[in-house]
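This report covers the surroundings of a ligand and the strand and helix arrangement of one structure. The sequence and the structure are shown first.

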Amino acid sequence: MADYCLSPLAHDDIHSISAIEQRAHCSPWADTQLAAPTGRFDHAYGLRLMQPHALLIGYFYARCIAGEGELFNIAIDPTYQGQGWGSVLLEAMIKHLGEAGAECIWLEVRESNAAAQALYQKHGFKLVNRRKHYYACTNGRREDAWVMQKNGVKTKAAHHYPA
Ligand SMILES: CC(C)(COP(=O)(O)OP(=O)(O)OC[C@H]1O[C@@H](n2cnc3c(N)ncnc32)[C@H](O)[C@@H]1OP(=O)(O)O)[C@@H](O)C(=O)NCCC(=O)NCCS
């Protein structure tokens, strides 16, 4: 696997994030959502390949409140999918939220998104609920959301969670 680094998303990243978002998701976030990594999402990181020039190939937007983490968005540039980078990014997200004091992490995923479901299951997330007709589809229909949860996330290195 090539050398990589994980660093907080910055305002200058918005064009790269937006380009990946448009290509990776069937229902991409608007630039206004992507451009607000601080505040609503206290954990928003980009995955960058060191060679040739710290190329951004993926990102996640998450938050941790009162011991519960939530993943809102994760994507890998389609050019780099299927090479293990999604696992790298998801593990980094779990580690960051665990260190921030998250006991568990929640997420929602489309019922049709088998790739993401398999990724989450591989990393210990379990299906705990379904939300009927939660997502709009491009064909005008709606589809269910899977609500998934991973427990036992908090690490011994936790230090950000208020006492
Ligand atoms: C979901 C996503 C982040 C996975 O990233 P990735 O880099 O392709 O994933 P990896 O190569 O690290 O694969 C890790 C695991 O994910 C699962 N997976 C990935 N692609 C898959 C596919 N096309 N079909 C089935 N399972 C798949 C497998 O369990 C895989 O483990 P394995 O290689 O041991 O079989 C990527 O497909 C993506 O960005 N999709 C579009 C955005 C999206 O759907 N985000 C989630 C919204 S909830």
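## Ligand shell

In this predicted model, the shell around the ligand is made up of 11 nonpolar, eight polar and one charged residues. The residues surrounding the ligand number 20. Gln81, Gly86, Ala115, Ala118 and Leu119 are the closest of them.

Three elements, S4, helix H3 (85-99) and helix H4 (114-122), each contribute at least two residues to the shell around the ligand. H4 provides the largest share, with six residues.

## Sheet

S4, which supplies part of the ligand shell, belongs to an open sheet of seven strands. The strand order is S1-S2-S3-S4-S5-S7-S6, and the pairing is mixed. At the edges are strand S1 (4-8) and strand S6 (126-136), each of which pairs on one side only. From one strand to the next, the twist averages 25°.

In general, the strands of a sheet pair through backbone hydrogen bonds, in either the parallel or the antiparallel sense. For strand S3 (residues 55-65) and strand S4 (residues 68-76), the sense is antiparallel, and the pairing extends over eight bridges. Within this pair, leucine 71 in S4 has alanine 62 standing opposite.

## Helix across the sheet

Which helix lies across S3 and S4? Helix H1 (residues 14-24) takes this position, and runs at about 85° to S4.

Technical notes: Residues numbered from 1 in each chain as written. Predicted model: local features only at pLDDT ≥ 70, side-chain atom pairs only at ≥ 80, totals over all residues. Pairing = 2+ DSSP bridges. Helix = DSSP H or I, 4+ residues; strand = E, 2+ residues; numbered from the N terminus. Axes fitted to C-alpha atoms, helices over the stretch in contact; angles between N-to-C directions. Contact = placed C-beta atoms within 7 Å. Near = placed C-beta within 6 Å. Nonpolar A, V, L, I, M, F, W, Y, C, P; charged D, E, K, R; others polar.
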